[in-house]
Amino acid sequence: MQDLYRITSYHLHAGENRTFRTGSKYQIILVTHGSCRICGDSQTQPCYSSDIIFLKPGQTQEIVSVSQKSNCRLLGITIPEESLVMLSDPTCDLAANFRFAPYNTAVIPGEMKSTMLLRNMITKLDTLKDEDMKPGIELYEKSLFTTFLVLFLRTCIQSDQMYQFHQKKMLMIDDVFEYISQHLTEDLSLKKLEEVFFISGEHI
């Protein structure tokens, strides 16, 4: 079953970096310990323990360890598109859903409820090869990996919705400040701001 995916551990010392080239595959990278930052596409994004990094095919990203007192440890799972096609069914086209993801590089925050479950699944998939209990191992591995993919997709969607909500909220705050700065000599009561922005004064 290992041809469905490949799991690799990475250990980065403070200041050390590693370049990830996805080629034709997807890569899901879990930060298991320490902190790091992604450098690429003219952007730098911090990542912390339990965060999950999602890289799509054709990407090159550099991950730099910023942990001062300990190594940054990563656990990466590489997934060929052929595996997504093989594990799809009429109710869920995994390959199409992975391609549809509306971002190039996603960082899923570790505080999301499902990230702990995803972390446990990756760890379990990584240790299956060492298990003594062999009956049903291939079916179990296939089921676990498929469940991991579906949960990961659902987590991506939820994370993106949270990001969009946060961005919308930040834009609204900017609009409120802009309005206040341009109307300093006028009525700036909560009641007036309620009327202008159609939100409650308590929320403002």
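For me, buried means under 20% relative accessible area, exposed means over 50%, and partly exposed lies in between (1.4 Å probe, protein chains only). Helices (H or I, at least four residues) and strands (E, at least two) are DSSP runs, numbered from the N terminus.

A note on my source: this is a predicted model, where local features need pLDDT of at least 70, side-chain atom pairs count only at pLDDT 80 or more, and totals for chains, interfaces and linings use all residues. Residues are numbered from 1 along each chain as its sequence is written, and side-chain values use heavy atoms, with hydrogens and water left out.

**Partners of β8**

Which strands pair with β8? I count two strands as paired if DSSP finds at least two bridges between them. Strand β1 (residues 6–12) runs antiparallel to β8, joined by seven bridges, and here I found T8 opposite G76. Strand β3 (residues 25–33) is also antiparallel to β8, over eight bridges, with K25 facing P80.

**The whole chain**

I then stepped back and found five helices and nine strands in the protein chain. Of its 204 residues, 39% count as buried. I also looked up contacts (heavy atoms within 4.5 Å). Among those with a separation of 6 or more, 75% are between residues 24 or more positions apart.

**Cysteines**

How many disulfides are there? A disulfide is a covalent bond between the sulfur atoms of two cysteines. My rule asks for a pair of cysteine sulfur atoms within 2.5 Å, and the count comes to zero. C39 is in no disulfide, and its nearest cysteine sulfur, that of C36, is 9.3 Å away. C47 is in none either; for C47 the nearest cysteine sulfur is again that of C36, at 4.6 Å. I noted that C47 is buried, at 0% relative accessible area.

**Two serines in loops**

S35 sits in the loop between β3 and β4 (36–40). Is S35 buried or exposed? S35 has a relative accessible area of 15%, so I list this residue as buried. Leaving aside neighbours within four places in sequence, S35 is in contact with C47, Y48, S65, V66, S67 and C72.

S50 lies in the loop between β5 (43–47) and β6 (52–55). S50 counts as buried because its relative accessibility is 15%. Its phi is near 85 degrees, a positive value in a residue other than glycine.
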